[in-house]
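Subject: Structure handover

Hello,

Here is the structure I promised you. Please open it alongside this email, as my notes follow it.

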Amino acid sequence: MATVEQLQAWHELAQQLRVDSIRATTAAGSGHPTSSMSAADLMAVLLAKYFRYDFSNPHDRHNDRLIFSKGHAAPLLYAMYRAAGAIDDRELMSLRQYGSRLEGHPTPVLPWVDVATGSLGQGLPIAVGVALAGEYLDNLPYHTWVLLGDSEMAEGSIWEAFEHATHYKLANLIAVLDVNRLGQRGQTMLGWNTHVYRDRAQAFGWKAIEIDGHNLEEIDQAYAEAVDNLDCPTLIVARTKKGKGVAHLEDIGGWHGKALKPDDAKNAIAELGGERQIIIQVEKPNFPTETATTNHSQVLQLPVYQEGDSVATRKAYGDALQALGASRFDVVALDGEVSNSTYAEEFAKAYPDRYFEMYIAEQQMVAAAVGLQVRQYKPFASTFAAFLSRAYDFIRMAAISRANIKLVGSHAGVSIGQDGPSQMALEDLASLRAVWNSTVLYPCDANQTAKLVAEMVDLDGIVYLRTTRESTPVLYPADEDFAVGGSKVVRSSDRDRVAVIAAGITVHEALKAYDRLKQEDIIVRIIDAYSVKPIDAATLHQAARDTDGNLIVVEDHWSEGGLGAAVLDAFVGTGTAPSYGELQLNFIKLAVQNMPGSGTPEELLHAAKIDADAIVEAVRSLVKQAAWVPTE
């Protein structure tokens with residue numbers, strides 16, 4: 001039980017957190033002071049007694065982790081950093097200013113922030129990934145703490161996290177729900193009906209503790225119970241008041257995301273007892289340093305496929321991932337219950353202790369990958385490419401988190417065949433290219449896939465590999481190298497009239513077209529643009545010079561934003577257009593234009609006009625336009 005002195009110290013710290021939240025947001029002229037004030041008591045007790053963290057060494061593997069899922073309460077988090085001595089008052093007052101580390105919502109620009117938050121519903125799913133690492137990989141007794149807001153409890157991703165946390169028995173995960181009743185535009189769905197939150201959490205298999213979020217003794221007791229609970233994750237449901245401590249703000253609507261004017265702030269700070277200069281000593285983790293262990297890793301031995309054999313690139317992905325698992329103990333894998341189609345099951349069978357099944361919960365899958373990479377693991381997350389679109393906001397936020405994750409999407413394009421358009425990713429290249437600092441790869445054969453999987457593991461940022469359902473001929477020898485940002489010129493001569501640029505399944509269609517056109521004495525260059533982002537601009541520029549600007553792009557993707565757009569960007573999109581002569585591009589983009597249905601892959605490629613027939617016709621049209629038709 002807390003002493004009178006402890007309770008008084010916690011109260012003073014909580015008041016300082018409130019005051020600093022007001023001071024910083026008033027100086028900024030924007031922010032969320034009232035959302036910060038509701039959780040100040042909760043965070044004061046956590047910081048002063050339960051949080052184990054070495055602020056001088058944020059990468060200490062024994063540190064607890066704290067994720068503000070309600071990222072708009074960033075002023076409270078920054079006030080906590082000031083109270084812990086991690087930042088000074090001058091930096092606190094730089095909130096939201098250009099160049100400041102204290103952005104409007106937390107990002108890993110700060111060394112104590114693991115992931116970016118602010119898009120609600122993401123902190124708890126990411127925390128599941130961090131907790132998975134602690135429980136199953138690190139085997140260390142740190143806790144992952146999450147501050148949740150009641151508005152985000154309407155997000156489906158929150159309940160994906162609840163379910164997965166129970167499934168994996170993550171007793172090291174403690175969520176604190178700040179039920180302050182008021183959202184951005186009014187009352188939340190449940191208001192102060194904390195019983196419902198409690199009952200729902202219990203129904204999902206969590207330990208749920210209902211408290212007054214401003215009663216320091218109840219907070220203390222709840223945290224003690226949560227830390228001692230070794231059976232399941234814990235949710236602390238805390239009833240609070242938005243704007244707590246200031247009469248004209250407390251539980252008053254219309255204040256969400258509004259900073260106080262200087263005079264109002266001065267009065268509010270006086271009501272809270274004035275400014276304080278409290279610096280506390282946050283207790284560091286007190287665990288012995290583990291003896292370094294040597295993992296008996298192997299030299300990477302990628303699978304080898306014989307030229308001419310027919311192998312699906314998705315199968316090569318699974319084989320290569322298994323090989324990576326043997327050579328790298330930091331490689332982990334996740335899948336969305338389609339591992340027998342993505343072939344992630346090869347890794348799961350070989351290394352079940354490093355494989356995490358996320359079932360049909362793609363948001364949770366990507367979030368868990370982000371959480372795992374917080375702990376320096378190398379997560380590969382796979383599903384059908386179409387279903388990654390469900391998790392797109394998590395991918396977008398992962399980039400803001402500067403996360404290093406590997407995403408693999410199989411069954412892309414109309415070439416998947418009879419399953420129909422609901423299963424066909426036709427926008428994935430565009431969406432993943434649009435993510436900041438992303439890498440987008442689209443191999444056409446098995447050896448190329450294996451080499452690119454090996455390249456992916458140490459690439460920074462969001463790395464996406466698109467694989468194909470159908471088996472395709474192996475084109476390249478096993479010793480061929482494939483640099484990210486490169487391409488392969490599969491066919492070329494000094495007589496090339498047109499350059500055909502393809503990737504994945506359409507490389508094989510382009511090669512069929514090449515053979516047919518050669519019989520007509522029309523020689524074309526075939527470029528395998530397996531690196532869609534970054535794209536090999538130099539090779540494209542050379543092809544344009546050599547063919548008088550006659551370029552055809554063929555892709556199993558909608559016409560917007562995919563390979564064709566990447567090729568055009570190589571010429572004009574980034575201000576790096578080649579400066580040679582008065583060359584004009586004669587550009588044809590062959591891409592999916594109409595909604596596909598079911599059919600064989602061959603039928604669908606033909607109907608979409610991205611097969612060999614369509615390529616032959618497009619080449620003929622360019623040759624005719626250039627008056628290069630051979631005389632008979």
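Let me start inside the protein. Strand 1 and helix 4 each supply at least two residues of the lining of the second largest cavity. Strand 1 gives the most, with three residues. The space in this cavity is about 70 Å³. Its lining is made up of Leu 66, Ile 67, Phe 68, Leu 77, Tyr 81, Pro 106, Trp 112, Val 113, Asp 114, Val 115 and Thr 117. By class, that is nine nonpolar residues, one polar and one charged.

Please bear in mind that this is a predicted model.

The other cavity

How many cavities of 30 Å³ or more does the structure hold? There are two. The largest cavity has a volume of about 80 Å³. Lining it are Leu 47, Phe 51, Tyr 53, Phe 55, Arg 65, Leu 66, Leu 77, Met 80, Tyr 81, Trp 112 and Asp 114. Two elements give two or more residues to this lining: strand 1 (65-68) and helix 4 (74-83). Which of them gives the largest share? Helix 4 does, with three residues. The lining of the largest cavity divides into nine nonpolar residues, no polar ones and two charged.

Look at both lists side by side. Leu 66, Leu 77, Tyr 81, Trp 112 and Asp 114 are in the lining of the largest cavity and also in the lining of the second largest cavity.

Next, the second largest pocket. Its space comes to about 350 Å³. It is lined by 26 residues, and Asp 150, Ser 151, Glu 152, Gly 183 and Thr 188 are the closest to its centre. The class count for this lining is eight nonpolar, 11 polar and seven charged.

A helix pair

Helix 1 covers residues 4-28, and helix 10 covers residues 262-271. They pack with their axes 10 Å apart, at an angle of about 170 degrees. Angles over 145 degrees count as roughly antiparallel, and helix 1 and helix 10 are therefore roughly antiparallel to each other. Which residues make the contact? From helix 1 come Val 19, Ile 22, Arg 23 and Thr 26. From helix 10 come Pro 262, Ala 265, Ala 268 and Ile 269. Six residues of this contact are nonpolar, one is polar and one is charged.

Two backbone details

The peptide bond from Lys 533 to Pro 534 is cis, with omega near -5 degrees. Pro 534 lies in the loop between strand 17 (531-533) and helix 19 (537-546).

The other is Tyr 359. Its phi is near 55 degrees, a positive value in a residue other than glycine. You will find Tyr 359 in the loop that runs between strand 8 (355-357) and helix 14 (362-374).

Overall

The secondary structure comes to 22 helices and 19 strands. Along the principal axes, the C-alpha atoms fill a box of roughly 100 × 55 × 45 Å. How does the radius of gyration fit the chain length? For 632 residues, a compact globule would have a value near 26 Å. The protein has 28 Å, which agrees.

Best wishes

Note on methods. Residues are numbered from 1 along each chain as its sequence is written. This is a predicted model: local features need pLDDT of at least 70, side-chain atom pairs count only at pLDDT 80 or more; totals for chains, interfaces and linings use all residues. Side-chain values use heavy atoms; hydrogens and water are left out. On a 1 Å grid over the protein atoms alone, a cavity is a set of points where a 1.4 Å probe fits but cannot get out, and a pocket is an open set with protein on both sides within 12 Å along at least five of seven lines; lining residues have an atom within 4 Å of a point. Grid points are joined across faces, edges and corners, and a volume is the space filled by probe spheres set on the points. Ala, Val, Leu, Ile, Met, Phe, Trp, Tyr, Cys and Pro count as nonpolar, Asp, Glu, Lys and Arg as charged, and the others, Gly among them, as polar. Axes are lines fitted to C-alpha atoms, for helices over the stretch in contact, and angles run from 0 to 180 degrees between N-to-C directions. Helices (H or I, at least four residues) and strands (E, at least two) are DSSP runs, numbered from the N terminus. Angles under 35 degrees count as roughly parallel, over 145 as roughly antiparallel, 65 to 115 as roughly perpendicular and the rest as oblique. Contact means heavy atoms within 4.5 Å. The radius of gyration is taken over C-alpha atoms; the globule rule is 2.2 Å times the number of residues to the power 0.38.
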